Amino acid sequence: MKKILVTGAMGQIGSELVENLRENYGSSNVVGSDLWKKEEMEGPFEIVDVTDGQAIHDAAKKHNVDTIMHLAALLSAKAESAPQLAWDLNMGGLINALEAARELDLQFFTPSSIGAFGPTTPKRNTPQETIMRPTTMYGVNKVAGELLCDYYYFRYGLDTRGVRYPGLISCVTPPGGGTTDYAVEIYHEAMKYKKYTSYIAENTYMDMMYMPDALNAIIKLMEADPDKLVNRNAYNISAISAAPEDFGNAIRKHIPEFELNYNVDPVRQQIAESWPDNIDSSAAKAEWGFEAAYDIDKMTEDMLAKLRSI
Ligand code: NAD
């Protein structure tokens with residue numbers, strides 16, 4: 001029976017992951033944790049600051065968990081405006097969570113990102129193993145984090161696993177300050193105003209994925225046969241490679257009058273241009289059967305239907 005502690009559980013991924021895990025493993029077996037909590041939230045929850053290693057250890061021990069899913073982090077655009085804070089939270093939080101997992105012998109998951117790649121990485125069909133010289137603090141944290149998780153596996157035999165997520169699109173919790181947030185905002189504004197002004201320029205391609213596929217990937221990877229995992233910590237996974245106009249075209253199939261304009265933010269545009277256009281997910285497919293159910297049209301239909309019902 002799995003019993004899981006999720007850090008950063010109030011975030012874009014965590015808020016949906018906790019619900020999804022509870023459906024799979026039972027409510028009492030999934031402990032959410034974050035710096036704060038919504039009053040109305042049900043189920044086990046601990047206030048845990050991940051920069052406090054003892055607090056992670058205590059929460060994991062108190063609930064007798066066998067797995068930590070570590071999500072607490074500062075995302076790409078926010079990290080660029082506060083690089084020192086990003087280092088302290090992204091690296092300090094990660095090593096604290098890994099240490100708690102090592103001390104208590106727990107399975108461990110944390111996501112890396114397409115932000116781990118940089119301008120010298122091959123941009124098309126980006127391989128699993130390739131040049132990784134990111135130029136953002138977030139990217140530096142993600143590459144170092146991938147290596148640190150590998151280190152805990154090789155040095156201590158800790159069962160660490162992870163994926164490189166693309167930009168994630170969802171409608172439950174707003175994104176936390178990443179470069180691909182436009183791909184969420186565009187749906188909200190299409191519903192409300194029938195128009196959107198993109199801070200990312202036309203013809204700028206990035207990988208994306210709909211949240212249900214992102215959550216399924218975590219469960220599939222964590223349940224995969226360990227003997228088949230060659231890469232373990234940083235599997236490329238992607239479902240969609242898209243530029244703003246691709247979202248515009250997909251939305252227009254449902255809202256024909258939708259208008260897409262551009263007012264490019266140079267900081268986020270520069271980050272976007274340093275990332276791949278599309279990454280190769282073949283290692284994840286071969287080693288643990290990753291597959292995505294949503295392409296841009298199927299996702300758009302579902303997102304707009306969900307937003308209509310909110
Ligand atoms: P988010 O910003 O939506 O949520 C992060 C959560 O961490 C927030 O609820 C915040 O309150 C919490 N947090 C911040 N500081 C904390 C601290 N000191 N202690 C405890 N909690 C703290 O982020 P997300 O989108 O859910 O991302 C989760 C993970 O997935 C991150 O590692 C991120 O890099 C990775 N990722 C996300 C995306 C995406 O598109 N959302 C893409 C690639 C990778």
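In what order do the six strands of the open sheet stand?

1. The strands follow the order E3-E2-E1-E4-E5-E8 with parallel pairing, where strands are DSSP runs of E with at least two residues and helices are runs of H or I with at least four, numbered from the N terminus, and two strands pair if DSSP finds at least two bridges between them. Strand E3 (45-47) and strand E8 (160-161) each have a single partner strand, so one side of each lacks a neighbour in the sheet.

2. This is a predicted model, in which local features need pLDDT of at least 70 and side-chain atom pairs count only at pLDDT 80 or more, whereas totals for chains, interfaces and linings use all residues. Residues are numbered from 1 along each chain as its sequence is written, and side-chain values use heavy atoms, with hydrogens and water left out.

3. Strand E1 (residues 4-7) pairs with strand E2 (residues 30-34) in the parallel sense over three bridges, and Val-6 has Gly-32 in E2 as its bridge partner.

4. Around the ligand, the shell holds 16 nonpolar, seven polar and three charged residues, with Ala, Val, Leu, Ile, Met, Phe, Trp, Tyr, Cys and Pro counted as nonpolar, Asp, Glu, Lys and Arg as charged, and the others, Gly among them, as polar.

5. A polar backbone atom of Val-50 lies 2.9 Å from a nitrogen atom of the ligand, while a backbone N or O atom of Leu-168 is 2.9 Å from a ligand oxygen atom; a polar contact is a pair of N or O atoms within 3.5 Å, and within protein one must be able to donate a hydrogen and the other to accept it, residues adjacent in sequence counting only if both atoms are side-chain atoms.
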